[in-house]
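Subject: Structure handover and findings

Hi,

Here is the structure for you to take over. Please load it first, then read the notes under it.

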Amino acid sequence: PAPAPATKNPVNDGGGDEEAAVPLPAPPGRLHYLDNVKTILTWIVISHHGTAAYAGGGWNVTIGDYRNAFGAFARAACALNQSYFMCLFFFVSGYFTPSSLKRKGRGAFVKDRLRRLALPLNVYAFVLGPCTGGLVSAMKGAKWTYAPDPGPTWFLLWLLIFSLLYAALDDDPNSPYAAGLARPTWAQLVGWSVPCSAVQAALVVALPAGFLLMPITFGSLPFDVAFFVAGCLAKQNGWLEDLEKTYGPVRRTLAACAACAAALVGLAYVAFWKLRAVHGLVPPRGDDDFDDDRDSYDRGGMATWQNVAGLCACVVVLGLFCPLVSVAWLQAGDAYLNVTGRAWRAANGAAYAAYVIHPPFLVAAQYAWLAVLRRLGDRPRWHAGQGDSTTRLASDWRLLAGWAFTLVATHAAVWPAAALLKRAPGLRRIL
C-alpha cells in the first residue's frame, strides 16, 4: 500500500522562528529533558558562583564578607545548590556513559574522553585560570603571579577518572552491565544517603582544602561517586521510565522539595543571623586590620566543637535533601522539559563551553561593579593573600544590586561567547 502522507505540524512546519518560539515534543528515543536539565544546571552553577561572589566566601574574590541579611539568604541558597547540582551532573554523565562506550568501543571512547575532558581541563588550568587570577589581582590591587588554576574544571578531571574506570571495569561493553536491578525506592535513597553523609562529614572536617582539585563540601565526593554509578545503572536498567510509578506524582515531589528547601533556608538563616556559629554558612574569622572597616560581630574560629557539630549536622541534613531534589529535577524534566527546538538545541550546544569559560567573565563583571562602588564612595579592600573583602558597604542594597548586575552581565556575555567558541574550527568535537 502507498505510504500515508506526512502530517505537518501546524506550528513548527517549515522551521524558522516558530521552531524556536514553540518547542516540539521530543521524539521517542533520546531523553531530551536530560540535555535540557543539564543546560539549566549550567545556568544555576554560573548563578551560584555569582551569588557566592557577594555572599562572603566560595568564589575567587568576594565582596560583602560581613554579617548582612542578603548574605544570610545567599549562603543558604548556595548551600542548597551545592548539596545536589554537581551530583546531578555526574548522574547525567553516567547515564550516557554505557551507551557511548558500547557505540564507540573502548579505544575510541577513551580517546573521545581525553579529547573532550582532558584538553579543556588543561587549557583552563594553564591559560584561562591564570588569566582569571590576573583579573582577581587587578581587582584587589595586588601583584599578580602566574599559577595554574583548574577552577570549575575539577569536574572534568573527576568525570574523566570515573569514565576511564568504567571503561576499564566493563569487560564487555556489548553486554548489559548490572542489569536487572530495580529502581531504588524513597526509603532506599534515604538509606544510601545516610552513609554517604557520614563519609562526607568526615571528609569535610579532614580535608578542608579539597582532594585532587575537588572542593570537599556539601554533596561532593561520596555523593558524586554514588550518582555517577547510579546514572550508569539507570541507563542499563531503565530507571528513568515511568518515574511516577515509584516516586508518586511529580507535583507532590516538587511540593515536598519546595517545602524542604524553604525549611532549610529558614534554618540556615537562623544559624547565620542568630547563632553565628555554623562553619560553611558563616565565613571563618577575618582579622580585619582596616581601622574604618571593623566588622560588627565576632564570627569565631572554625575549630570549636560547636562549629564542627553544626557543620556535620548541615552535611547530614543536606545529604538527605540531595536525593529528594534530584528526583524532583528528573520528574519535572520528564513532565515539563522533554522538548526540543532551535532555542533548546542552541542552549544545549553552548552549555559545556559556558561552564568552562564563565569564571573570567564573572570576575570581569565584578570588577565593573567595583568601579561603580568606588564612584559611589565605597572602597572595598582585601587582606594580603585573601579573597574575601570584609569592608562594610554603605548599604546592603549595593550588595544586592551588585549581585543582580553581575549575574545579568555574566550570562549576557558568556552564552553568546560560548556559542561562538563552539563554532570555531576544531572546537566542535571538543566543546
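Below are the notes, from the whole chain down to single residues.

**Overall**

This is a predicted model. The protein chain averages a pLDDT of 85, and 82% of the residues score at least 70. It holds 13 helices and 4 strands. Of the 431 residues, 48% are buried. Take the contacts between residues at least 6 apart in sequence: 80% of them join residues at least 24 apart.

**Salt bridges**

The count comes to 4 salt bridges. Start with D112. Its side chain meets that of R113 in a salt bridge, at 3.0 Å from N to O. Both R113 and D112 are buried. D112 also pairs with R115, at 2.8 Å from N to O. D112 and R115 sit in helix α5, residues 106-140. They are 3 residues apart, about one turn of the helix.

Is D112 buried or exposed? D112 has 7% relative accessibility, so it counts as buried. R115 is at 23%, so it counts as partly exposed. The cut-off for buried is under 20%.

Another salt bridge joins D378 and R398, with the closest N and O atoms 2.6 Å apart. This pair links distant parts of the chain, 20 residues apart. D378 lies in the loop between α12 (342-375) and β4 (388-389). R398 lies in helix α13, residues 396-423. D378 is buried because its relative accessible area is 6%. R398 has a relative accessible area of 22%, so it is partly exposed.

**Helix packing: α5 against α12**

Two packed helices are described by the angle between their axes and the distance between the axes. For α5 and α12, the axes come within 9 Å and cross at roughly 5 degrees. Angles under 35 degrees count as roughly parallel. The two helices, α5 and α12, are therefore roughly parallel to each other.

- From α5: R116, L117, P120, Y124, L128, T132, L135, V136, A138 and M139.
- From α12: Y352, V356, I357, P359, P360, V363, A364, Q366, Y367, L370 and R374.

Helix α7 covers residues 186-206, 21 residues in total. From its first C-alpha to its last it reaches 30 Å. That is close to the 30 Å expected at 1.5 Å a residue. Which α7 residues are buried? They are L189, S193, C196, S197, Q200, A201, L203 and V204.

Next comes the loop between α7 and α8, where L207 lies. L207 has 28% relative accessibility, so it counts as partly exposed.

**Positive phi**

Most residues other than glycine have a negative phi. L212 is not a glycine, yet its phi is positive, at about 50 degrees. With 48% relative accessibility, L212 counts as partly exposed.

D242 also has a positive phi, near 55 degrees, and is a residue other than glycine. D242 lies in the loop between α8 and α9 (244-247). At 49% relative accessibility, D242 counts as partly exposed. The cut-off for exposed is over 50%.

**In brief**

- Packing: α5 and α12 are roughly parallel.
- Backbone: phi is positive at L212 and at D242.

Over to you.

Definitions and conventions
Residues are numbered from 1 along each chain as its sequence is written. Side-chain values use heavy atoms; hydrogens and water are left out. pLDDT is the predictor's confidence in each residue, from 0 to 100. The expected span of a helix is 1.5 Å times one less than its number of residues. Buried means under 20% relative accessible area, exposed over 50%, partly exposed in between (1.4 Å probe, protein chains only). Axes are lines fitted to C-alpha atoms, for helices over the stretch in contact, and angles run from 0 to 180 degrees between N-to-C directions. Angles under 35 degrees count as roughly parallel, over 145 as roughly antiparallel, 65 to 115 as roughly perpendicular and the rest as oblique. Contact means heavy atoms within 4.5 Å.
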